[in-house]
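My notes follow in the order I looked things up.

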Amino acid sequence: MNRQKLYVLIYIISFIFLSKLVTAQFCENPTTNNCSDVINGSSRFIMTTPGNIDFVFDRMDKYVRGITYSGGTRFMLQVDELVTDECMWKLVVFIDNNDAEEDNEWDELATYGISAGTVPELDLLEVKVYNHCETPTNNILEWSSFDPLNFSELDIIPETGIRVEPGACDGSEVNTPGSYLIDYNEFNFVVDYRIRPEFIHKPGAYQVTLRFCLVEY
């Protein structure tokens, strides 16, 4: 039993949803120009899944094949216009390693018995975002991972500069005011997660936080 514990890897993902329109650089809440602002507005995320996901690697087949959480996160959007008809937004997710020792590594919470192996890097985590209307830019076509060197965010709906109104449900990347209450399939999102560690990482517990941000541009 003790020997098994030495080889356990645990990856913990926690989530933060910033529900007002925010700045992309810091994922914080300023007052916005055209979309609903922080004080008076009601733009928001509605999350319908738990706030943490744990990946526990305690068998050889898990190390080799990996673990996938299909529908690990589900959320809906309500985006309100403030005064003008110029509101456009993008939807991004940032990865945060909680000021880990190395910028490109997961935050190491604990080690289990042996020191051999490496600390996992941020691009170990793969995500896939999709919905029925194929609103996200990559939808269900491919897995995406974070750049471990540049901390680049992943665009769910990118900045295009072209206003796309909801209602068509035809694969368009909607980026104007709307709500899951009216156009459910365009403002409802599903996120899958996958980790495939193989046998190179140091046994232990590691954590990152994903920040989902609604950003006015």
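The entries below cover strands, aromatic rings, the disulfide, salt bridges and one surface patch.

**Entry 1: model type.** I noted before anything else that this is a predicted model.

**Entry 2: strand 12.** I found 11 of its 13 residues buried, so strand 12 is largely enclosed by the rest of the structure. Next I looked up its pairing. Strand 5 (residues 89-96) runs antiparallel to strand 12, with eight bridges between the two. As one example of a bridge, I noted L91, whose partner in strand 12 is L214. Strand 6 (residues 107-111) is also antiparallel to strand 12, and there I found four bridges. On that side A110 has A205 of strand 12 as its bridge partner.

**Entry 3: aromatic pairs.** How many aromatic pairs does a search of the whole structure find? The search returned 15. I looked at the pair F17 and F212 in detail: the ring centres are 4.7 Å apart and the planes are at 5 degrees, so I logged the pair as stacked. Since F17 belongs to strand 1 (residues 9-22) and F212 to strand 12, this contact ties together parts that are 195 residues apart in sequence. Both F17 and F212 are buried.

I then took F45 and F75. Their ring centres are 5.3 Å apart with the planes at 65 degrees, so this pair is edge-to-face. F45 sits in strand 2 (residues 44-47) and F75 in strand 4 (residues 67-79), and the pair links distant parts of the chain, 30 residues apart. I found F45 buried, and F75 as well.

**Entry 4: disulfide.** I searched for disulfides and found one in the structure. C133 and C169 form it, with 1.9 Å between the sulfur atoms. I read -90 degrees about the S-S bond, and the link is left-handed. C133 is in the loop between strand 7 (126-130) and strand 8 (144-145), while C169 is in the loop between strand 9 (154-157) and strand 10 (178-179), so the bond ties together parts that are 36 residues apart in sequence.

Are the two cysteines buried or exposed? C133 counts as buried because its relative accessibility is 3%, against a limit of under 20%. C169 has 34% and counts as partly exposed.

**Entry 5: salt bridges.** I counted eight salt bridges in the structure. I checked three of them by residue.

- E126 and R194 are joined by a salt bridge of 2.9 Å, N to O. E126 lies in strand 7 and R194 in strand 11, so this pair ties together parts that are 68 residues apart in sequence. I looked up the cover on both ends: E126 is buried with a relative accessible area of 15%, and R194 counts as buried at 16%.
- R65 and D61 form a salt bridge in which the closest N and O atoms are 2.8 Å apart. The two residues are four apart in helix 2 (residues 60-65), so about one helical turn separates them. R65 is exposed at 60% relative accessibility, and D61 is partly exposed at 27%. I also found that R59, D61 and R65 are linked in a network of salt bridges.
- R163 and E165 meet in a salt bridge of 3.2 Å, N to O. I noted R163 as partly exposed, with a relative accessible area of 31%, and E165 as partly exposed at 47%.

**Entry 6: nonpolar patch.** Which residues make the nonpolar surface patch of about 360 Å²? I found M60, V64 and F199.

Definitions and conventions. Residues numbered from 1 in each chain as written. Predicted model: local features only at pLDDT ≥ 70, side-chain atom pairs only at ≥ 80, totals over all residues. Heavy atoms only, no water. Patch = residues over 30% accessible without salt bridge, like charges linked within 9 Å, V, L, I, M, F, W, Y side chains within 5 Å. Areas by Shrake-Rupley, 256 points an atom, 1.4 Å probe, with all protein chains shown as cover. Salt bridge = Lys/Arg side-chain N within 4 Å of Asp/Glu carboxyl O. Phe/Tyr/Trp six-rings, centres within 6.5 Å; stacked < 30°, edge-to-face > 60°. Buried < 20%, exposed > 50% of the residue type's maximum accessible area, 1.4 Å probe, protein only. Disulfide = S-S within 2.5 Å. Pairing = 2+ DSSP bridges.
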